[in-house]
Each structure stands twice: as C-alpha cells, then as structure tokens.
Amino acid sequence: MTWRDVPEPELSRPDAAGWLRAVLRGVPLALLIFGGFVLLLLLRLIERPLFGPQRPMTPFITRFVCRTALRILGIRYTVHGKPMDHPGGVVSNHASWLDILSLNASQRVYFVSKADVAAWPGIGMLARGVGTVFIRRDPRDAGAQKTTFEARLHAGHKLLFFPEGTSSDGLRVLPFKSTLFAAFFSDTLREFSYIQPASVSYIAPDAKNPHFYGWWGDMEFAPHMLQVLAAPKQGRIEVTYHAPLKVADFADRKQLAAACEAAVSSGLSVSERSEP
C-alpha cells in the first residue's frame, strides 16, 4: 500500500457564512494579484531594456503580493533558517498551490515548472510574467535544460523546483527524482552552484483534516481554493531553510538528490500536527 491508496478527502461545501468569508477574502485577493501583475508588467517595460534578463526590481513586487496574499487569507506564516546568498537552486516538497505564495514570500526565486502550465488559462500568464522557467521532464531535453539553467543562473536568478515531480497531501515527502539536478553538474555550474533544501509544512486549522491544505491527485483547483477561502479559522505555514549543499561536494546527481530529500524530510514533522 502506498500513500496514493489513501482516498482524497472530500472538499467541504461552504455554508452562507463560508460564502461570505470567501467573497471577503477572494475579492481583495484577486485585486491584489492582478493589480500587482499589471504593475509588474509596467515595471518590466523599464527593467528589461536596462537590465536584460536580470530582474533587480520586479521580484520585490512578487514578494509583496505573496506575503500580502497570505495575510488576506489569514494564514499565519513563519520562516525558520535563512535563504542562502549563494548562486544556485532551491528544492522543496510540493503540497499545494499555496507553495507558490509560501516560497515566493520569503525570498526572490524563479520557479521551474512543467511546460504545459504555460498554457493554463490565467495561471500560465501569471507564471510567464514573473519569470517562471518552463521545461519538459524528459531526459532527452537535458542539454536544453542545462543551457537554460546556465543562462538564468548567470543572470543572478535563483531557481526553485520540486524534485518530487508532483504534489502530495502535505504530510510526507515523496521520493526525489534526480533529473533536474543533472544540469547543476555541468562544467560551468558545478564548481560555484549550491542547492538549498527547504521544507514547507502546512498545519491544518483546529478540527480540520490534517490534509486540509494538501492539493493533489484529481482535486480540482477552484473547489480547493474555495474551501481555503471559506474556512472560519486558518492554520499556519512554516518554511524551514536548511544548510545549502555545494554541488561539487557530491559525486553525482543521485547523491545530491538523496541528500536534499533527507534534509527536506527532516523539517516536515510539524505538518503532522493540527493547529491548537
């Protein structure tokens, strides 16, 4: 038996008070996200010709929007450890669409996402605007991925990806796939690149299913988001940054992936508790 044999929890339908909470949170959240996106695009008109691929200004808008979004949702947010200053990447467990807010709120990062997300209505447009790197998880694309990663890292970007390859229920870490780690072992990246593991823990509101914030399997986005918006009481999110790992200290991508998986797993124990 695997964790996937555990049935997905049924998403709750909001009552009248829940719908009111959803509107009171959802409207300002939508205004914040799309207003911030418009401001980001306008600033990019100045930033792009002056700095090229570098983005010294617009990531501050992304961070502000994500931190404010968590406040609007009423979810408490705590960061343990310090985001690294080294060039390289960040890897994390993947539990929910809330990961985007949680990990963008604490530092300037650029997500690495599967290519088909770029075509998703609305979300794809937002992802492209904030500088997401779109890739196909195919070993045949390893050369192209290496070239893309090199260009982004040399531009000062910190790349964040989810080695699990899919989201989980938020209570566990799935086995890390080592494919994307391979790009960091190229001759031009290995000696100066670091990978920082990060654990994102979701603590459910009191009396709610521990999987409350987890979004995986066949769950639809809109009903899950509605459930979060309508909750009378929210839980909290804890992001733990572990010590950065120097790529050159590892023999190959599989060893590095295993070390990152162990670090991320070690910081996830708090997710097994409910909010007191």
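User: In this predicted model, why is Cys260 called buried?

Analyst: Buried means under 20% relative accessible area. Cys260 comes in at 0%, so it counts as buried.

User: And what makes Cys66 buried?

Analyst: It's the same cut-off, under 20%. The relative accessible area of Cys66 is 5%, so Cys66 is buried too.

User: How many disulfides are there?

Analyst: The count is 0 disulfides. To be called one, a pair of cysteine sulfur atoms has to lie within 2.5 Å.

User: Why is the Phe161 and Phe184 pair called stacked?

Analyst: Two checks here. Ring centres must lie within 6.5 Å to pair, and planes under 30 degrees apart count as stacked. The centres of Phe161 and Phe184 are 6.2 Å apart and their planes sit at 20 degrees, so the pair is stacked. This pair links distant parts of the chain: Phe161 belongs to strand β5, while Phe184 is in the loop between β5 and β6, 23 residues apart.

User: What makes the Phe111 and Phe162 pair tilted?

Analyst: Under 30 degrees would be stacked and over 60 edge-to-face, with the rest called tilted. Phe111 and Phe162 have 45 degrees between their planes and 6.0 Å centre to centre, which is a tilted pair. Phe111 lies in strand β3 and Phe162 in the loop between β5 and β6, 51 residues apart. Both Phe111 and Phe162 are buried. Overall, the structure holds 8 aromatic pairs.

User: Which residues touch the most other members of the largest nonpolar core?

Analyst: Leu73, Leu98, Leu103 and Ile237, in a core of 39 residues. Elements supplying at least two residues each include α1, α3 and β7, but α2 gives the most, with 6 residues.

User: What does Leu103 touch?

Analyst: Leaving out residues up to four places away in sequence, the contacts of Leu103 include Phe111, Phe162, Val200 and Tyr241. There's also a second, separate core of 26 residues, with Phe181, Phe185, Ile195 and Val264 among them.

Conventions. Residues are numbered from 1 along each chain as its sequence is written. This is a predicted model: local features need pLDDT of at least 70, side-chain atom pairs count only at pLDDT 80 or more; totals for chains, interfaces and linings use all residues. Side-chain values use heavy atoms; hydrogens and water are left out. Buried means under 20% relative accessible area, exposed over 50%, partly exposed in between (1.4 Å probe, protein chains only). A nonpolar core is a set of buried Ala, Val, Leu, Ile, Met, Phe, Trp, Tyr and Cys residues joined through side-chain atoms within 4.5 Å. Helices (H or I, at least four residues) and strands (E, at least two) are DSSP runs, numbered from the N terminus. Contact means heavy atoms within 4.5 Å.
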